[in-house]
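Open your viewer, load the model and keep the selection panel handy. We will go from stop to stop, and at each one I will say what to select and what is there.

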Amino acid sequence: MLPFFRLSVFLAAFLTVTFHRSVMSRFEPSRLVIRLFDIQLCVIAASLITFLSVNPVLGLKISALSFGMTPIVLLMGVVT
């Protein structure tokens with residue numbers, strides 16, 4: 001049985017980064033900032049695959065690290 005509460009962490013992280021990407025794209029930041037959001041989404045998706053197939057704890061750690069970078073990406077979007 002899949003741990004649905006842990007899977008909701010990945011869903012929440014993915015949706016939050018997607019929301020911030022869509023809001024920031026309306027202000028036309030540099031392409032670097034949009035690419036950083038895209039990289040975050042790819043890392044979260046890869047961490048979900050890691051969670052489901054290899055090591056659940058490692059997948060959660062990677063997701064947390066990627067999601068923790070969101071304030072830095074947002075700050076970069078404000079500066080550019």
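Select Ser47 and Ile44 to begin: a polar atom of the Ser47 side chain lies 2.7 Å from the backbone oxygen of Ile44. This is a polar contact, meaning a pair of N or O atoms within 3.5 Å; within protein, one must be able to donate a hydrogen and the other to accept it, and residues adjacent in sequence count only if both atoms are side-chain atoms. Before moving on, note that this is a predicted model, in which local features need pLDDT of at least 70 and side-chain atom pairs count only at pLDDT 80 or more, while totals for chains, interfaces and linings use all residues. Residues are numbered from 1 along each chain as its sequence is written, and side-chain values use heavy atoms, with hydrogens and water left out.

Stay on Ser47, which sits in helix H2. Helices (H or I, at least four residues) and strands (E, at least two) are DSSP runs, numbered from the N terminus. Is Ser47 buried or exposed? Ser47 is buried, at a relative accessible area of 0%. Here buried means under 20% relative accessible area, exposed over 50%, and partly exposed in between (1.4 Å probe, protein chains only). Now show what surrounds the residue: apart from its neighbours within four places in sequence, Ser47 is in contact with Phe10, Gly59, Ile62 and Ser63. Contact means heavy atoms within 4.5 Å.

**The aromatic pair**

The structure holds one aromatic pair. The ring centres of Phe10 and Phe51 are 5.1 Å apart and the ring planes stand at 55°, so the pair is tilted. For reference, rings of Phe, Tyr and Trp (its six-membered ring) pair if their centres lie within 6.5 Å; planes under 30 degrees apart count as stacked, over 60 as edge-to-face and the rest as tilted. Because Phe10 belongs to helix H1 and Phe51 to helix H2, the pair ties together parts that are 41 residues apart in sequence. Both Phe10 and Phe51 are buried.

**The nonpolar core**

Next, select Ala13, Val17, Met24, Val33, Phe37, Leu41, Ile44 and Val73, the eight residues of the largest nonpolar core. Such a core is a set of buried Ala, Val, Leu, Ile, Met, Phe, Trp, Tyr and Cys residues joined through side-chain atoms within 4.5 Å. Colour by helix, and you will find that H1 (4-25) and H2 (31-53) each supply at least two residues of this core. Which helix gives the largest share? That is H2, with four residues.

Zoom in on Met24. Leaving aside neighbours within four places in sequence, Met24 touches Pro29, Phe37, Leu74, Gly77 and Val78.

Select residues 70-79, which make up helix H4; Thr70, Val73 and Gly77 are its buried residues. Look down the axis of H4: the buried residues fall within an arc of 65°, so they line one face of the helix. That arc is taken from the directions from the helix axis to the C-beta atoms. What do these buried residues pack against? Their partners are H1, H2 and helix H3 (56-68).

**Stops on H3**

Select Ser66, found in helix H3. Ser66 is buried, with a relative accessible area of 8%. Beyond its neighbours within four places in sequence, Ser66 is in contact with Gln40, Val43 and Ile44. Lys61 is also found in helix H3, and at 53% relative accessibility it counts as exposed.

**The loop between H1 and H2**

Go to Glu28, in the loop between H1 and H2. Glu28 has a positive phi of about 50° although it is not a glycine. Most residues other than glycine have a negative phi. With a relative accessible area of 69%, Glu28 is exposed.

**Zooming out**

Finally, show the whole chain. How many helices and strands are there? There are four helices and zero strands. The C-alpha trace spans about 45 × 15 × 15 Å along its principal axes. Of the 80 residues, 26% count as buried. Among contacts between residues at least 6 apart in sequence, 69% join residues at least 24 apart.
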